[in-house]
Amino acid sequence: MTTYSPATQALLDLVRYHAPPTPVDWPAGLRFPTEYREVAEALGPGSFQTFLTFWDPLDQSYDRDVLPADVMPWAEVGFDYTIGWLTDGDDPDKWPVVVCDSANPSEQTVYQMSTAEFLTAVLTYPTPIEPLSYVAEAYQPPRFWGNDGTESEEPAALSWAADAAPIEPDDCSEQLRGLVTPSPITVPRWYTVWVTQVQGQLGWPVPEDYQHVIEQYGAIKVGPVTVAAPGGPVDLLKTYHKLKRRVTKERAAGGGPPGPMWPEEQGALRWADLDDGGHVCWLAVTRHPKHWPVVVLDADLRRAKLHPVTASRFLLEVATQRRSPW
């Protein structure tokens with residue numbers, strides 16, 4: 001069994017990665033920090049949290065000419081930042097980590113951390129590496145995907161409803177006419193809102209029946225249900241990001257809801273709020289949004305009630321008092 005430094009072992013435990021190490025044929029003449037060698041052999045090239053790419057130490061094809069001469073890169077975060085060492089001194093184990101703005105490499109922030117310490121800090125929420133806070137926010141607990149197909153072990157299985165299943169499409173938006181008080185939202189073009197803003201930020205389209213409700217009636221209130229709408233008083237995207245940050249923080253502390261949240265597989269995606277502080281969500285049980293049922297979560301995100309209907313059917317039945325959120 002391989003014995004790692006405490007910092008490297010802490011990193012591997014954090015990302016739940018326990019695949020056998022892959023020895024690297026380190027080229028003579030190239031100097032690397034000892035701990036980096038550990039991490040590179042333990043993980044291999046791959047990506048953390050989708051955003052942070054950990055390079056293959058033997059691949060010298062990366063464009064290093066754009067960086068200052070005293071920076072030796074070993075990872076990147078999208079097109080935003082390059083991560084390297086400030087090669088100050090003859091002892092690689094004393095080189096600090098430096099984060100360079102990819103567009104302007106002379107803009108640098110130096111961190112007096114080892115390789116594993118830095119990666120652990122980046123992946124921990126809240127992170128002390130403020131420019132890279134979105135890396136930790138992507139997933140909690142954090143994940144690593146190796147280029148060889150290996151990946152972090154899955155955390156304990158989460159589920160809101162064991163009997164959740166895709167439902168039949170059912171657009172009841174027209175039937176709401178006369179039952180709700182419209183609160184129109186003025187936008188230049190709804191297509192742009194749904195595709196560029198909503199789908200762009202959520203990473204997936206929302207059900208069409210919900211889109212029709214928003215386009216026809218706006219940010220409406222139906223009984224105890226306040227519908228979140230793009231650009232409305234309760235904004236669909238702002239509430240999504242707010243809830244995501246809350247869940248990320250709770251999971252990083254070892255807690256969090258017992259079920260998955262979007263964009264996790266079969267996650268709950270909030271589209272309305274209740275007067276009692278609860279949330280009305282879609283349950284993404286399939287890749288096709290028109291088949292997503294509704295699930296109601298309490299304010300603490302601990303209790304759930306499944307409603308095997310579309311969003312517009314849910315609103316219609318609440319409006320006609322044929323259905324109660326709880």
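How many of the 326 residues of the protein count as buried? The share is 48%, where buried means under 20% relative accessible area, exposed over 50% and partly exposed in between (1.4 Å probe, protein chains only). The model is a predicted one, in which local features need pLDDT of at least 70 and side-chain atom pairs count only at pLDDT 80 or more, while totals for chains, interfaces and linings use all residues. Residues are numbered from 1 along each chain as its sequence is written, and side-chain values use heavy atoms, with hydrogens and water left out.

The C-alpha atoms fill a box of roughly 75 × 45 × 30 Å, taken along the principal axes. The accessible surface comes to about 15900 Å², of which 51% belongs to carbon and sulfur atoms (Shrake-Rupley method with a 1.4 Å probe; for residues, only the protein chains shown count as cover). The protein has eight helices and 13 strands, which are DSSP runs numbered from the N terminus (helices: H or I, at least four residues; strands: E, at least two). Among contacts (heavy atoms within 4.5 Å) between residues at least 6 apart in sequence, 53% join residues at least 24 apart.

A sheet comes next. Seven strands form an open sheet with antiparallel pairing, in the order β6-β5-β4-β3-β2-β1-β7; two strands pair if DSSP finds at least two bridges between them. At the edges lie β6 (108–111) and β7 (144–146), each of which pairs on one side only. On average, neighbouring strands are turned by 30 degrees against each other, direction ignored. Helix α2 (residues 34–43) packs on this sheet and touches β1 (46–48), β2 (52–54), β3, β4 and β7. The direction of α2 makes about 95 degrees with that of β2, with axes taken as lines fitted to C-alpha atoms, for helices over the stretch in contact, and angles running from 0 to 180 degrees between N-to-C directions.

Within the sheet, β4 is mostly covered, with five of its six residues buried. Six bridges join β4 (residues 81–86) to the antiparallel β3 (residues 71–77); V71 has L86 as its bridge partner, and P73 has G84. These two strands form a hairpin with three residues between them, and G78 in the turn has a positive phi of about 55 degrees. β4 also pairs with β5 (residues 97–101) over five bridges, again in the antiparallel sense, and here G84 is partnered by V98.

Nonpolar cores are sets of buried Ala, Val, Leu, Ile, Met, Phe, Trp, Tyr and Cys residues joined through side-chain atoms within 4.5 Å. The largest has 41 residues, of which Y210, V225, W271, V280, F314 and L315 touch the most other members. Among the elements that each supply at least two residues of this core are α5 (190–202), α6 (208–217), α7 (236–252) and β10 (268–274). Leaving aside neighbours within four places in sequence, Y210 is in contact with W194, V227, A228, A229, P230, L236, W271 and W282. A second, separate core of 37 residues includes V39, Y111, A121 and I129.

Finally, the count of disulfides (pairs of cysteine sulfur atoms within 2.5 Å) comes to zero.
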